[in-house]
Amino acid sequence: RDIMDRATQLFRRTAGRKMKFFLLLSVFATAVMCSKPVKVELAMEALCPDCQRTLLNSVDDAYKHVRDIMDLRFKPYGNALEFKEGDHYDYWCQHGMKECHANMIEACAIKIYPDITAHYPFIKCLEESATPSEAGENCALKADLDWDSISFCTRSQEGNKAMHELAQWTKNLQPPHKFVPWYVINDKHTEDLQTRADNNLRKLVCDLYEGPKPAGCNNI
């Protein structure tokens, strides 16, 4: 009987520990699922040196370390101007027609491959290039995307519509954007958020994320 009592007590202690473990695991999983990723929208343009700098530094660092808690969205329109011509739109871009073409390439990549993990490597490759408007085919190959589909889109009504949607998003910014890159964090833009995002987007995302912090938030 003494042996049976000990076995019963041991079972209860073991079962209790397992129950606590699974409860803690359940609470953690629930917290992760209920915590929304930090929404980061970036108004940019393809040939803008400051946009390239922030994308290849602050944005890339955040993407590498905390992309699982960040909803990153590129908006490649920037300081362009839109003109309606019949049933389509024409564009003037700050850095010339090559920028308009590169913006369209990026817009089409986002349209065709909306998952950030698919189009991010492609856009990063374009922005690393000395001539983004001419790097599409090579960057598509590196990112394992179908260049023919992207290229066709840039000359299609679908591509024109995608750029128009970006133009509308940019024109509706509140407050109106004054320069690029222009950050919108969780649907808000302030001078403080702009400065913090430009300096260290990863830290800003970690500070704003309300769920359990991933390892990428350590030692920033």
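Here are legends for a few close-ups of a predicted model.

**View 1. Helix H2 and its bend at Val 59.** H2 takes in residues 49-66, 18 residues in total. From first C-alpha to last, the helix reaches 24 Å, close to the 26 Å expected at 1.5 Å a residue. Look for the bend at Val 59, which comes to about 40°.

**View 2. The buried residues of H2 and what they pack against.** Quite a few H2 side chains to click on here: Cys 51, Gln 52, Thr 54, Leu 55, Ser 58, Val 59, Asp 60, Ala 62, Tyr 63 and Val 66 are buried.

**View 3. Strands E1 and E2, paired in the parallel sense.** Seven bridges hold the pairing, and one to pick out is Val 40 with its partner Leu 72 in E2. The chain gets from E1 to E2 by way of H2, in a right-handed β-α-β crossover. E2 is mostly covered, with five of its seven residues buried.

**View 4. Val 180, in the loop between helix H7 (157-171) and E5.** Beyond its neighbours within four places in sequence, Val 180 is in contact with Ala 43, Met 44, Glu 45, Cys 48, Asp 50, Cys 51, Gly 78 and Asn 79. Asn 79 lies 101 residues away along the chain, yet its C-alpha and that of Val 180 are separated by 7.5 Å.

Conventions
Residues are numbered from 1 along each chain as its sequence is written. This is a predicted model: local features need pLDDT of at least 70, side-chain atom pairs count only at pLDDT 80 or more; totals for chains, interfaces and linings use all residues. Side-chain values use heavy atoms; hydrogens and water are left out. Helices (H or I, at least four residues) and strands (E, at least two) are DSSP runs, numbered from the N terminus. The expected span of a helix is 1.5 Å times one less than its number of residues. The bend at a residue is the angle between axes fitted to the seven residues ending there and the seven starting there. Buried means under 20% relative accessible area, exposed over 50%, partly exposed in between (1.4 Å probe, protein chains only). Contact means heavy atoms within 4.5 Å. Two strands pair if DSSP finds at least two bridges between them. A crossover is right-handed if, with the strands pointing away from the viewer, the path from the first strand over the helix to the second runs clockwise.
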